[in-house]
Amino acid sequence: MKIYCKCGNIISDSTDNIPYKAHIITDQNYHVFWQEIDTMIEDAIEQCLYRLYAHAQLAYQCTCCGRLYIDDGSPQLYEFIPTGTTKTNIFQKNNLP
C-alpha cells in the first residue's frame, strides 16, 4: 500500500516492523481482546490438566513404614516395599525457588 501525503511524501507499507506505522485498538476492542486471551488461557490450562491426568498415575506412601502403593486404575494397588533406611516423606513438597 502507498499513501500519498498532502505534503508530497509517499508513505509505503510494504514490509514489517515499520517505525512510522502503528496498530490502533479502541478501548472497547482492547477489553474484548483481553477477555478472548483470558478464555484462550483458561482453555489451554484445562487441556494441559486433562492431558496431565490422562498420563499420570497416583502413588501413595505409608508415613510409618515407607511402603509405596501405585494406582494404575485397576482394582488392585501395586505395593513396593523399601529396603534399608527409608525416607517416609518422599512425596513431600520441595522448597523450589
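Glu46 sits in helix H1, which spans residues 27–55. Helices here are DSSP runs of H or I with at least four residues, strands are runs of E with at least two, and both are numbered from the N terminus. This is a predicted model, in which local features need pLDDT of at least 70, side-chain atom pairs count only at pLDDT 80 or more, and totals for chains, interfaces and linings use all residues. Residues are numbered from 1 along each chain as its sequence is written, and side-chain values use heavy atoms, with hydrogens and water left out.

**Helix H1**

Glu46 counts as exposed because its relative accessibility is 53%. The classes are buried (under 20% relative accessible area), exposed (over 50%) and partly exposed (in between), with a 1.4 Å probe and protein chains only. Glu46 also belongs to a negatively charged surface patch, together with Asp38, Glu42 and Asp43.

Leu52 lies in helix H1 too. It contributes to a nonpolar surface patch of about 510 Å², along with Ile41, Ile45, Leu49 and Tyr53.

Patch members have over 30% relative accessible area and no salt bridge; like charges are joined within 9 Å, and nonpolar side chains (Val, Leu, Ile, Met, Phe, Trp, Tyr) within 5 Å. A salt bridge is a side-chain nitrogen of Lys or Arg within 4 Å of a carboxyl oxygen of Asp or Glu. Asp and Glu count as negative. Areas follow the Shrake-Rupley method with a 1.4 Å probe.

Glu36 is another residue of helix H1.

**Partly exposed residues**

| Residue | Relative accessibility |
|---|---|
| Leu77 | 40% |
| Leu52 | 48% |
| Glu36 | 47% |

**Loops**

Leu77 is placed in the loop between strand S4 (68–71) and strand S5 (78–80). Beyond its neighbours within four places in sequence, Leu77 is in contact with Tyr69, Ile70 and Asp71. Contact means heavy atoms within 4.5 Å.

Asn17 lies in the loop between strand S2 (10–12) and H1. At 78% relative accessibility, Asn17 counts as exposed. Most residues other than glycine have a negative phi.

Note on methods
Charge placed at Lys NZ, Arg CZ, Asp CG, Glu CD.
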